[in-house]
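Let's take a friendly walk through a protein model together.

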Amino acid sequence: MNDASKAAGQDVELIAVSKTKPVELLRYAYESGQRAFGENYAQELIEKAPQMPDDVEWHFIGKLQSNKINPLVKGVSNLKAVHTVTSEKIARKIATACQAIDRASIDVYLQVDTSGEATKNGLEMGEELLLLAETVSGTSEPYDRLNLVGLMTIGAVGDLECFDKLVNARTQVAKRLGVQPESLKLSMGMSGDFEDAISRGSNLIRVGSTIFGARDYSKKK
């Protein structure tokens, strides 16, 4: 990762994706200096968070069901960001959950569909994405509790054009919001393609199996 980020001339944050992994492995990564961890399942994150030090920054990176938002936001005080906002309904529920516990703000990423695969979630590029970006970045209640920090995608395996599409989506969003594209982060790249993602502008990579080994889905929550 360090070589790729140096070659790209940018800082890249590593999110250690620990879904289905025992807390003992997370603690080992923590002791090695890792602080940002990502989880795909809300219940698993809620259960793991109290077992880890308070200075861990948790990132939720899985499909977020609306009935899981309140327990997730209220149950994980050090939830740094939600990377998978795909609708106004989800955004509003996150914001109102923050209101309910008087949490000042939470970082959010809009998930963009760059592959067109039926198995992948995300907003379509175009007006749907731009309208939600405007809503989430607004200053009216309850959206003033949300910090729109960037865009996220899960591209098709081996299709590097998905990364380029997210870069283009960021350009469109930045233009609509009247900000510089570089002010919005890109969350893209996983174990098999993070070096390519970095070379195409990624600011955050989500790496699991390269760090923790193959996953055991029999323990899925």
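Accessible areas here come from the Shrake-Rupley method with a 1.4 Å probe, and for residues only the protein chains shown count as cover. By that method the chain exposes about 10,500 Å², and carbon and sulfur atoms supply 45% of it. Before we go on, a word about where this comes from: the model is predicted, so to speak of a local feature needs a pLDDT of at least 70, side-chain atom pairs count only at pLDDT 80 or more, and totals for chains, interfaces and linings use all residues. Residues are numbered from 1 along each chain as its sequence is written, and side-chain values use heavy atoms, with hydrogens and water left out.

Start with the whole chain. Its secondary structure comes to nine helices and eight strands; helices (H or I, at least four residues) and strands (E, at least two) are DSSP runs, numbered from the N terminus. The C-alpha atoms fill a box of roughly 45 × 45 × 30 Å, taken along the principal axes. How does the radius of gyration agree with that of a compact globule, and what is it? The chain has 17 Å, and a compact globule with 221 residues would have a value near 17 Å, which agrees. This radius is taken over C-alpha atoms, and the globule rule is 2.2 Å times the number of residues to the power 0.38.

Now look inside. Buried residues make up 48% of the 221 residues, where buried means under 20% relative accessible area, exposed over 50%, and partly exposed in between (1.4 Å probe, protein chains only). A nonpolar core is a set of buried Ala, Val, Leu, Ile, Met, Phe, Trp, Tyr and Cys residues joined through side-chain atoms within 4.5 Å. The largest such core has 52 residues, and those with the most contacts inside it are Phe 37, Trp 58, Leu 79, Ile 94 and Leu 110. Helix H5 gives the largest share of this core, six residues. A second, separate core of seven residues includes Ile 15, Tyr 109, Met 152 and Leu 204.

Among contacts between residues at least 6 apart in sequence, 59% join residues at least 24 apart. For a pair that is 192 residues apart in sequence, take Asp 11 and Asn 203, which are 6.6 Å apart in space, C-alpha to C-alpha. Asp 11 sits in the loop between helix H1 (2-8) and strand E1, and is exposed, with a relative accessible area of 74%.

Leaving aside its neighbours within four places in sequence, Gln 99 is in contact with Glu 141, Pro 142 and Arg 145.

That brings us to some backbone details. Most residues other than glycine have a negative phi, and most peptide bonds are trans. The bond from Glu 141 to Pro 142, however, is cis, with omega near 0 degrees, and Pro 142 is found in the loop between helix H6 (127-136) and strand E6 (146-152).

Two residues have a positive phi: Thr 20, near 70 degrees, and Asp 102, near 55 degrees. Is each buried or exposed? Thr 20, in the loop between strand E1 (13-17) and helix H2 (23-31), is buried at 6% relative accessible area. Asp 102, in the loop between helix H5 (88-100) and strand E5 (106-111), counts as exposed at 61%.

Notes. Contact = heavy atoms within 4.5 Å.
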